[in-house]
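Colleague: Could you take me through this structure feature by feature, giving the general idea before the particular case?
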2 protein chains.
Amino acid sequence: MSDYRDYYRGRKVLVTGALGFIGSNLCRSLADLGADVLAVDSLLPDYGGNLFNLSGYEDKVHINVADVRGHGIEYLVQGQEVLFNLAGQVSHIDSMNDPFTDLEINCRSQLWILEALRKRNPAAKVVYAGTRQVYGKPRTLPVNEDHLLTPTDVNGINKISGEFYHLVYHSVYGIRACSLRLTNTYGPRQLIRHNRQGFIGWFMRQVTLGEPIQLFGDGTQKRDFDYVDDVVDAFLRAGAMPEADGQIFNLGGEAPVSLRSLVEMMIELAGQGSYSLVPFPPERKAIDIGDFWADSSKIERTLGWRPRLPLREGLQRTIDYYRQHKDHYL
Amino acid sequence: MSDYRDYYRGRKVLVTGALGFIGSNLCRSLADLGADVLAVDSLLPDYGGNLFNLSGYEDKVHINVADVRGHGIEYLVQGQEVLFNLAGQVSHIDSMNDPFTDLEINCRSQLWILEALRKRNPAAKVVYAGTRQVYGKPRTLPVNEDHLLTPTDVNGINKISGEFYHLVYHSVYGIRACSLRLTNTYGPRQLIRHNRQGFIGWFMRQVTLGEPIQLFGDGTQKRDFDYVDDVVDAFLRAGAMPEADGQIFNLGGEAPVSLRSLVEMMIELAGQGSYSLVPFPPERKAIDIGDFWADSSKIERTLGWRPRLPLREGLQRTIDYYRQHKDHYL
């Protein structure tokens, strides 16, 4: 498992959602490893795509702005050896307010990509960015890959479809697809402009600006967290290793942490900020999943992955990043 | 549980997919019970909608030909007390050949219906026609509702979404939705014109015409079967009983039967026909689920349902029906 990073030297690699949070961090790593990177992003407003995310890499990756719904994707996938498929709508709240758009981006777009591969490049490897949101409210903790799927919102449902399409295109057409079910990911290059893509980016914004944080409920909900570099490492392993083909893997954090402890740590590290507990807005309570942490022993066993960076250090790096570059994210 | 049939007297009830196999049998029963039935069907070619299915009931139900994708559905749902939602694309093979159309019918249409209810009639009860196809290849038999979902084709994936949308609209918006996961249903008024909607309608056609039946594989695959009147009874119970709200229920057959035994019984009852074993066509083998039978103890416990009609008697009634009316189905 040690040479998976070498695998990318000179490889043709396509990343969708490449100007977004995880996509851009992945593109940068791939370029550093010597890959020939095609960075595709639709730059839909409010979705997280940000050209600044690839600043300094404009000459090292090829940026192609395009919506994957269209025949253009059939051209773009040709000759690519690995496709990292991170294009998606990630807001749970938006998926309830506009379920049709979520369906378009998380289901129809995925079928376009897979049909393009089936027709033009069935030998490619594909790694799909799944989510722990497919599980909904856990019945048992930690949650492993055999846990029942009981999504609490339209986004969770459509992300299940996107993932299952990949697995069916593997079993029926032999496309070497796999899925990583991500838990809460944080780090540089995340959208912090609005609060509809999860709490951690929003907290990061507020702590960077020294604004008061409102924590919903009593703050005792526990979650697990991965620094984006660890998540990028999981994508690199899954893309390079044949053991991943046809598989689903949870990513989990080092240990569950309450949201209150998380916020207190962020305020301490930033040296500024404050928080208060407020009741859940009803539209958020209805889709909240309570405690969640993942069992990631399968990916550790199969691909040798585990999260490396301690939360404290990851948060410090992230706070430093947004302090330095906040003009590009606000 | 005994008066669920009385519940429908004078009720305003909407059935989608009402000219199809199960939908039309349900409409006839509802009309017999004194319900005020609005029968909605898009009559998409090749999908199973057949005006003859409501012959004799033209004056007892109101037939409205419409696609549910459109603002018309917001008008149609108003004032309805129960909505039986059976509109769907049911062919596994078609879903692989044209995944985008399957997505339109089984996902986008369902969101149209649920959004119409949310906006115009959030007090209505909704019963969704789910399918055992969501389970894919069973890990354990019989399959209960907690079995892992590992669909083998695009249809199975999109039917999961359609079902989960109903449950999320229940948990988030309080819409009283539930889902019945149907197993193989047979009986009068099923499409037998082509072989892309499951094997049992196709076998029925061949035995009615005295044509030779080709059985894929060795014929030892076991499945369970429900006569359509039993399935209609499950819909009537689920629609009338509040215990169903927010729930998923398997329907199962009386006992698993091998496809070879099924075919032999059909040939014996018809007094004509023959069969041979042939290798699976590869595109069907790739999505076949092998043995399947359902554990339906949850619906028996909760709604008092179990299948009543023995397979032999159901097959005889079905053969008699197609003999008498085959001109309307071929």
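Modeller: What follows goes from the overall fold to the sheet, a helix, the chain contact and some backbone details.

Modeller: This is a predicted model, in which local features need pLDDT of at least 70 and side-chain atom pairs count only at pLDDT 80 or more, while totals for chains, interfaces and linings use all residues. Residues are numbered from 1 along each chain as its sequence is written, with chains lettered from A and ligands numbered from 1 in the order in which they are written.

Colleague: Which strand order does the open sheet of chain A have?

Modeller: Helices (H or I, at least four residues) and strands (E, at least two) are DSSP runs numbered from the N terminus, and two strands pair if DSSP finds at least two bridges between them. The open sheet has seven strands in the order S3-S2-S1-S4-S5-S6-S11, with parallel pairing. Strands S3 (61-65) and S11 (248-250) of chain A each have a single partner strand and stand at the edges, so one side of each lacks a neighbour in the sheet. At the S11 end, strand S6 (residues 176-182) of chain A pairs with S11(A) in the parallel sense over three bridges, and A:Arg181 stands opposite A:Asn250 in S11(A).

Colleague: Is helix H6 of chain B mostly covered or mostly open?

Modeller: In a helix, residues three or four places apart point the same way, because an α-helix has 3.6 residues a turn. Helix H6 (residues 199-209) of chain B is mostly covered, with eight of its 11 residues buried, among them B:Ile200, B:Phe203, B:Met204 and B:Val207. The cover includes strands S7 (184-186) and S8 (212-216) together with helices H8 (259-270) and H11 (311-325) of chain B. After H6(B) comes B:Gly210, with a positive phi near 70°.

Colleague: How many residues does each chain give to the contact?

Modeller: Two residues are in contact if their C-beta atoms, placed from the backbone, lie within 7 Å. Chain A gives 25 residues and chain B gives 25 residues. On the side of chain A that touches chain B, the elements giving two or more residues are helices H4 (99-120) and H5 (154-173) of chain A, and H5(A) has the largest share, 10 residues.

Colleague: Where are the cis peptide bond and the positive phi of chain A?

Modeller: Most residues other than glycine have a negative phi, and most peptide bonds are trans. In chain A, a cis peptide bond with omega of about -10° joins A:Leu141 and A:Pro142, and A:Pro142 lies in the loop between strand S5 (125-131) and H5 of chain A. A:Arg189, which is not a glycine, has a positive phi of about 80°; A:Arg189 lies in the loop between strand S7 (184-186) and helix H6 (199-209) of chain A, and counts as buried because it has 26 C-beta neighbours inside 10 Å.

Technical notes. Buried ≥ 20, exposed ≤ 12 C-beta atoms within 10 Å, placed from the backbone.
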